[in-house]
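Colleague: I would like to go through the labels used for this model and hear what each one rests on.
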Amino acid sequence: MLLWVRWDGDRLRAAAVTQITIVPRGKVCTVLACGGDRVGSWKDAIAPIEAYAKEQGCVATRIHGRRAWAKVFDDYDLEWVALEKRLN
């Protein structure tokens with residue numbers, strides 16, 4: 001697992017925990033927990049995690065959390081109770 005932080009130079013604005021797992025179709029990087037305030041764009045905040053997942057050979061990133069995240073991450077598909085974005 002990795003801990004990701006979003007720092008604005010003065011204060012911690014957000015933190016997330018990710019884990020890479022292997023599923024039948026390949027590696028998946030899952031955001032297990034995430035939170036913060038005054039983050040700005042959550043899509044911008046998640047971009048480094050998506051880039052890391054691609055570097056690690058992941059076929060997708062997943063976000064576990066509330067269904068409301070589907071409105072923020074509209075480029076992810078709602079699968080089961082997790083949001084997932086396939087990485088090309």
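This is a predicted model: local features need pLDDT of at least 70, side-chain atom pairs count only at pLDDT 80 or more; totals for chains, interfaces and linings use all residues.

Colleague: Why is A14 called buried?

Modeller: Buried means under 20% relative accessible area. A14 has 7% relative accessibility, so A14 counts as buried.

Colleague: Which residues does A14 contact, leaving aside neighbours within four places in sequence?

Modeller: A14 is in contact with W4, V5, R6, G35, G36, V39 and W42. The cut-off for a contact is heavy atoms within 4.5 Å.

Colleague: How far is A14 from E84 in sequence and in space?

Modeller: In sequence A14 and E84 are 70 residues apart, and in space 20 Å, C-alpha to C-alpha.

Colleague: Why is R13 called buried, and why is D8 called partly exposed?

Modeller: R13 is at 11% relative accessibility and therefore counts as buried. D8 has a relative accessible area of 40%, so D8 is partly exposed; that label covers values between the 20% and 50% limits.

Colleague: What makes D75 and K43 a salt bridge?

Modeller: Their N to O distance is 3.9 Å, and the limit is 4 Å, so the pair counts. The two residues lie in distant parts of the chain, 32 residues apart: K43 is in helix 1 (residues 42–55), and D75 is in the loop between helix 2 (69–72) and strand 5 (77–79).

Colleague: Why are D75 and K43 called partly exposed?

Modeller: D75 has a relative accessible area of 38% and K43 is at 34%. Partly exposed lies between buried, under 20%, and exposed, over 50%, so both labels follow.

Colleague: How do you know that E50 and K85 form a salt bridge?

Modeller: Their closest N and O atoms are 3.1 Å apart, and the rule requires within 4 Å, so E50 and K85 qualify.

Colleague: What joins K43, E50, D74, D75 and K85 into one network?

Modeller: Salt bridges that share partners do.

Colleague: How many salt bridges does the rule give?

Modeller: The count comes to six.

Methods:
Residues are numbered from 1 along each chain as its sequence is written. Side-chain values use heavy atoms; hydrogens and water are left out. A salt bridge is a side-chain nitrogen of Lys or Arg within 4 Å of a carboxyl oxygen of Asp or Glu. Buried means under 20% relative accessible area, exposed over 50%, partly exposed in between (1.4 Å probe, protein chains only). Helices (H or I, at least four residues) and strands (E, at least two) are DSSP runs, numbered from the N terminus.
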